Each structure stands twice: as C-alpha cells, then as structure tokens.
Amino acid sequence: MNAAATDCATTRVPQPSLTQLDPARQRPTLAIVGAGRCGTALATAAHRAGYRITAVHSRTPANARRLAGMVGASCQPTAQAAVRSADITFLTVPDAAITRVAATVAAASVGLRGKALVHCSGSSGRSVLGSVRQVAARVGAVHPLQALSDADSSGALEGTFFAVDADEALAPVLEAMVRDIGGIAFTAPSGDRALYHAAAVLAGNAPLALLATASSLLERSGVDEAIAGEALAVLLEGAARNARRLGAKAAMTGPVVRNDASTVARHLEALRGDQATQRLYQRMAMETLRTVGVVGREDVAAVLTAPSSRAVAPASQRRRARDSAAAPVSLGSRLSAA
C-alpha cells in the first residue's frame with residue numbers, strides 16, 4: 001500500500017471535465033466525502049465495477065484511510081481537495097451535514113467548473129446543493145433504497161433500486177453508474193421528498209421493529225432466544241419474497257385475511273397483560289383489514305373495531321358490550337374511526 005493511499009495529504013490528479021464525458025464511452029472518476037456505511041458500500045461497489053476512486057475524505061481520518069486503502073485512492077485532508085480530484089464527488093455524510101459541507105466546498109470554488117457534487121440522502125433532493133450549482137458545478141442526488149447495516153454492504157447494492165435526481169447533463173452519467181454496479185435507476189419523485197423518504201423508512205425499518213417485538217413474544221412462549229430471532233427473520237424474508245412476486249396485497253396471509261375472528265380474539269386475549277403490544281397487534285391487524293378489504297371479513301372487523309376495553313375485559317363484560325353495540329353502524333364507518 002503506497003503513501004498516497006494511507007496518508008491524508010493532498011494529491012493533485014488531473015482529470016477530464018465532466019462536460020467531456022459520454023456515459024456510453026468513458027467513465028467518470030469518483031471521490032467520496034464521508035467514509036461511513038453508505039460511502040464505503042458505494043465506493044467499493046464502484047471500484048469493483050471498474051470505476052477509479054481518486055480520493056476519500058472523512059471527518060474520521062481512520063475511516064478515510066481504511067476506505068482509501070480498499071479502493072486504491074488518496075486520502076485527502078479536506079472535502080475541497082477531494083472534490084477537485086474527481087469528476088463526480090459523492091457526499092455520503094449525515095443528512096444534517098450536507099448543506100454545510102456543500103457550502104464549504106462552494107466557498108473554495110476554484111476548480112469546480114465542469115465537476116459534479118452528488119449527495120446520497122433519501123430525505124432531500126438536489127436543491128440542498130444549490131450553493132455548489134452557483135459556482136458552475138452540476139449537482140444531483142442518488143439514493144439507494146437499501147438497508148446498509150455495515151461498512152461491508154456493497155454486495156447488497158446489486159439489484160437495489162436507486163432514486164436519481166440530477167441536472168440534465170449529469171442524470172444519464174449517474175444512471176449509467178447505477179447500472180454498472182448492478183443497480184436499477186429510476187427518476188426520483190419531484191413532489192414531496194419527505195413523503196418518499198417516509199415510505200422508505202416504513203418499508204426498511206418498521207418491519208424490523210415489528211420483528212424485535214415478535215421475537216420477544218416468541219421467547220415468552222418458550223422458544224429459545226437464538227431460534228426465535230432467526231426463525232422469524234426467515235418468515236419475514238419469505239413474506240418479502242412473496243410481496244415482490246405477487247404484490248403486497250396479494251401476498252398477505254393470516255387470520256385477518258381468512259376472516260378467522262376467533263383466532264384474532266385469542267391473540268388479543270393472550271396479549272392482555274401487555275397492552276402496548278396488544279394495541280400494536282390490533283393496529284397492524286386493522287391495517288391488514290384496510291388493505292385486503294372488509295367484505296367477507298366482517299367477523300374480524302367486528303372484533304377489531306370493538307372498544308379497546310373489550311379485548312381485555314372479562315367475558316361477561318364483553319357480552320354486555322356486544323349487546324350494546326348491536327345498533328346498526330356500518331363497518332366502514334367504524335374502520336374509519338379506528
């Protein structure tokens with residue numbers, strides 16, 4: 001390993017301007033600012049696909065040195081130095097730092113003409129890099145819809161969908177890079193970026209919170225801890241595969257889908273000592289019912305839309321509650337109110 005790959009000392013690397021690049025003929029050189037999970041995964045995937053990584057900069061020098069060594073890049077002491085060394089620089093820093101780092105780069109505007117700066121945040125579009133565009137650099141955002149849990153996640157990018165939002169001349173170059181690393185590029189939504197990111201968080205993180213809760217329940221039922229988490233993770237993987245093949249609605253199974261009201265009631269009763277988890281179960285069952293539809297599932301709907309006290313009340317109280325609820329109220333209205 002040479003000194004350029006281990007020491008954070010500025011190294012000038014002359015490169016062609018991005019304006020001279022044709023994505024079908026010549027690949028751009030890349031720099032990485034931020035050597036965390038996303039930056040490491042993206043850099044190693046691009047390096048493996050044949051892209052040249054010229055420089056790495058990170059606020060944690062040890063991380064920068066590690067990644068630079070992995071991809072044969074120089075380790076630069078400043079973000080500006082990294083940007084000057086490459087055609088395209090990826091800002092893989094925390095969301096809150098993107099605007100600040102971009103402004104710092106823009107303040108040292110020498111050498112930015114014809115280059116590009118791209119961030120990888122899901123919660124913001126390219127507009128947060130406006131300060132850089134003002135000094136003649138192109139800007140964009142490339143967000144992988146993938147859970148990158150550690151620094152060795154580059155393999156997970158293959159088959160991943162990437163939301164691309166970039167200036168007109170830059171977009172095809174980024175889309176070509178996504179294809180080269182095995183990803184699937186699509187145009188990022190021009191509307192509410194927060195709504196887009198909320199969808200990603202619900203799909204990528206919420207199931208893990210449910211998995212942790214379900215694992216705890218399985219352990220309480222008597223299953224060994226080591227088996228509980230693994231077994232339910234396999235179950236979740238199977239559900240995800242079915243959703244990809246059939247669509248989420250068609251892939252749904254379980255007692256709500258088959259209108260098994262007695263099983264749902266038993267579940268709620270079993271959770272009576274853990275009201276937080278009981279409410280979570282009830283809420284998720286309601287979401288399932290909304291997705292698959294109430295028609296043909298009226299029995300389950302009646303259980304789920306009853307007053308919350310019913311699930312934990314003694315049987316005699318539940319009978320009285322059922323009698324008092326006999327007045328004709330549409331299930332659709334009760335679902336909307338729940």
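Of the contacts in this chain with a separation of 6 or more, 62% are between residues 24 or more positions apart; contact here means heavy atoms within 4.5 Å. Before going on, a word on the source: this is a predicted model, where local features need pLDDT of at least 70, side-chain atom pairs count only at pLDDT 80 or more, and totals for chains, interfaces and linings use all residues. Residues are numbered from 1 along each chain as its sequence is written, and side-chain values use heavy atoms, with hydrogens and water left out.

Now the chain as a whole. The chain has 15 helices and eight strands; these are DSSP runs, H or I of at least four residues for helices and E of at least two for strands, numbered from the N terminus. Of its 338 residues, 41% are buried, where buried means under 20% relative accessible area, exposed over 50%, and partly exposed in between, with a 1.4 Å probe and protein chains only. The accessible surface is about 17400 Å², and carbon and sulfur atoms hold 54% of that surface. Those areas come from the Shrake-Rupley method with a 1.4 Å probe.

Next, helix packing. Two packed helices are described by the angle between their axes and the distance between the axes. The axes are lines fitted to C-alpha atoms over the stretch in contact, and angles run from 0 to 180 degrees between N-to-C directions. Angles under 35 degrees count as roughly parallel, over 145 as roughly antiparallel, 65 to 115 as roughly perpendicular, and the rest as oblique.

Start with helix H1, residues 37-48, and helix H2, residues 61-71: their axes come within 10 Å and cross at roughly 15 degrees. H1 is therefore roughly parallel to H2. The crossing is right-handed, that is, the near helix is turned clockwise from the far one by less than a right angle, anticlockwise being left-handed. H1 contributes Gly39, Thr40, Ala43, Thr44 and His47, and H2 contributes Arg66, Leu67, Met70 and Val71. By class, that contact of H1 with H2 has four nonpolar residues, four polar and one charged. For the classes, Ala, Val, Leu, Ile, Met, Phe, Trp, Tyr, Cys and Pro are nonpolar, Asp, Glu, Lys and Arg are charged, and the others, Gly among them, are polar.

Helix H7, residues 193-204, packs on H8 at about 25 degrees, with the axes 3 Å apart, so this pair is also described as roughly parallel. Val201, Leu202, Ala203 and Gly204 of H7 meet Ala206, Pro207 and Leu208 of H8. Six of the residues in this contact are nonpolar, one is polar and none is charged.

H8, residues 206-220, also packs with helix H12, residues 275-292, at about 125 degrees and with axes 12 Å apart. How do H8 and H12 lie, parallel or oblique? They are oblique to each other, and their crossing is left-handed. Leu210, Thr213 and Leu217 from H8 make the contact with Thr277, Leu280 and Met284 from H12. The count for H8 with H12 is four nonpolar, two polar and no charged residues.

Thr277 has a relative accessible area of 12%, so it is buried. Beyond its neighbours within four places in sequence, Thr277 touches Thr213, Leu217 and Leu271.

Last, the loop between H10 and H11, which holds Val257. Val257 is partly exposed because its relative accessibility is 21%. Not counting residues up to four places away in sequence, Val257 is in contact with Met252, Thr288, Val292 and Arg297. Val257 and Arg297 are 40 residues apart in sequence, with 7.4 Å from C-alpha to C-alpha. Asn259 lies in the loop between helix H10 (248-251) and helix H11 (261-270). Its phi is near 60 degrees, a positive value in a residue other than glycine.
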